[in-house]
Structures are given as C-alpha cells and as structure tokens.
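Let's take a walk through this fold together.

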Amino acid sequence: MSVKNVFEQTYVLLKDLSVVENRAEFCKDWLGRNESYFRCLRYKNKQPSTHTIAVISNKLRHYSTLLKSSNNPTSVQVADKFAVLCAQFESHLHIQAKDTWVKAMELSND
C-alpha cells in the first residue's frame, strides 16, 4: 500500500472518530504541516517527507499506547487501529531510509 493511501486511511479514521474536522486540521494538528500540505504534494507530484511520516507514526504510537491502557473496549479497538497504521508508516520509513543510504553508497562508488 502506498504511503499516500496510509495517510488517507489515517485521515478517514480520525475524521470518523471526530478527532479532526477536515484535511487542513489533520495537516496542522497531526502532521505539523501547513494546511495545504497534500495539495502542494499533488501539485509538485512528490511523496510525503520522511519527517512527516515520522511525526504521524510517532503520534499514532503515542496515542495507541495511551488508549491501550484504558479499560474501555472501544478505546482499545482504536488503539489497535492506530498501531496498525503506525506499523504501516514505519514500514515506509524503513524503505525510504534504505533508499537514502543505498543511493549514497552508489554515488560514492562512482
């Protein structure tokens, strides 16, 4: 699954939970980015930055841990969903990190 799809799933879940009202709020409050972050990515045909993926991954992990300690079954279910999304973001982080050091090695061997 593409990283953009993971962002979309995360946004939809947070909207369904009434944590965010719109994409602008999601970008500001959950990504630490400008409210037009995804519009700019689409316009420039770019992928989300490693920093942005790390921020959302860390935030999902944090709230997953907090919600898991709850006695409320609904909170635990949300925690599990957050953990799954976090794992998907972390997978993309590993791919991007590997691409970075492999390209650097290739350039140094030229």
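Predicted model: local features only at pLDDT ≥ 70, side-chain atom pairs only at ≥ 80, totals over all residues.

Residues are numbered from 1 along each chain as its sequence is written, and side-chain values use heavy atoms, with hydrogens and water left out.

The protein has 5 helices and 0 strands, where helices (H or I, at least four residues) and strands (E, at least two) are DSSP runs numbered from the N terminus. Read from the N terminus, the order of elements is α-α-α-α-α. Along the principal axes, the C-alpha atoms fill a box of roughly 55 × 30 × 20 Å. Of the 110 residues, 30% are buried; here buried means under 20% relative accessible area, exposed means over 50%, and partly exposed lies in between (1.4 Å probe, protein chains only). Contact means heavy atoms within 4.5 Å. Among the contacts with a separation of 6 or more, 54% join residues 24 or more positions apart.

Now turn to one helix pair. Two packed helices are described by the angle between their axes and the distance between the axes. How do helix 2 and helix 4 cross? The axes of helix 2 (residues 23-31) and helix 4 (residues 50-68) come within 9 Å and cross at roughly 80°. Axes here are lines fitted to C-alpha atoms, for helices over the stretch in contact, and angles run from 0 to 180 degrees between N-to-C directions. Helix 2 brings Phe26, Asp29, Trp30 and Leu31 to the contact, while helix 4 brings Thr52, Val55, Ile56, Lys59, Leu60 and Tyr63. These contact residues divide into 7 nonpolar, 1 polar and 2 charged. In this classification Ala, Val, Leu, Ile, Met, Phe, Trp, Tyr, Cys and Pro count as nonpolar, Asp, Glu, Lys and Arg as charged, and the others, Gly among them, as polar.

Leu31 is in helix 2 and counts as buried because its relative accessible area is 1%. Beyond four places in sequence, Leu31 is in contact with Phe7, Phe26, Tyr37, Phe38, Thr52, Val55 and Ile56. Thr52, in helix 4, has 0% relative accessibility and therefore counts as buried. With neighbours within four places in sequence left aside, Thr52 meets Phe7, Leu31, Arg33 and Tyr37.

From here we move to the core. In soluble globular proteins, nonpolar side chains tend to be buried together. A nonpolar core is a set of buried Ala, Val, Leu, Ile, Met, Phe, Trp, Tyr and Cys residues joined through side-chain atoms within 4.5 Å. In this model the largest such core has 23 residues, and those with the most contacts inside it are Phe7 and Phe26. Helix 1 (3-16), helix 2, helix 3 (37-44), helix 4 and helix 5 (73-109) each supply at least two residues of this core. Which residues does Phe26 touch, not counting those up to four places away in sequence? Phe26 touches Phe7, Thr10, Tyr11, Leu14, Val20, Leu31, Phe38 and Ile56.

Ser18, in the loop between helix 1 and helix 2, has a positive phi of about 60° although it is not a glycine. Ser18 is exposed, because its relative accessible area is 64%. Asn45, in the loop between helix 3 and helix 4, has a phi near 55°, again a positive value in a residue other than glycine. With a relative accessible area of 68%, Asn45 is exposed too.

Last come the cysteines. With a disulfide taken as a pair of cysteine sulfur atoms within 2.5 Å, the count comes to 0 disulfides. For Cys40, the nearest cysteine sulfur is that of Cys27, 9.4 Å away; Cys40 is partly exposed at 36% relative accessibility. For Cys86, the nearest cysteine sulfur is also that of Cys27, at 19 Å, and Cys86 is buried at 0% relative accessibility.
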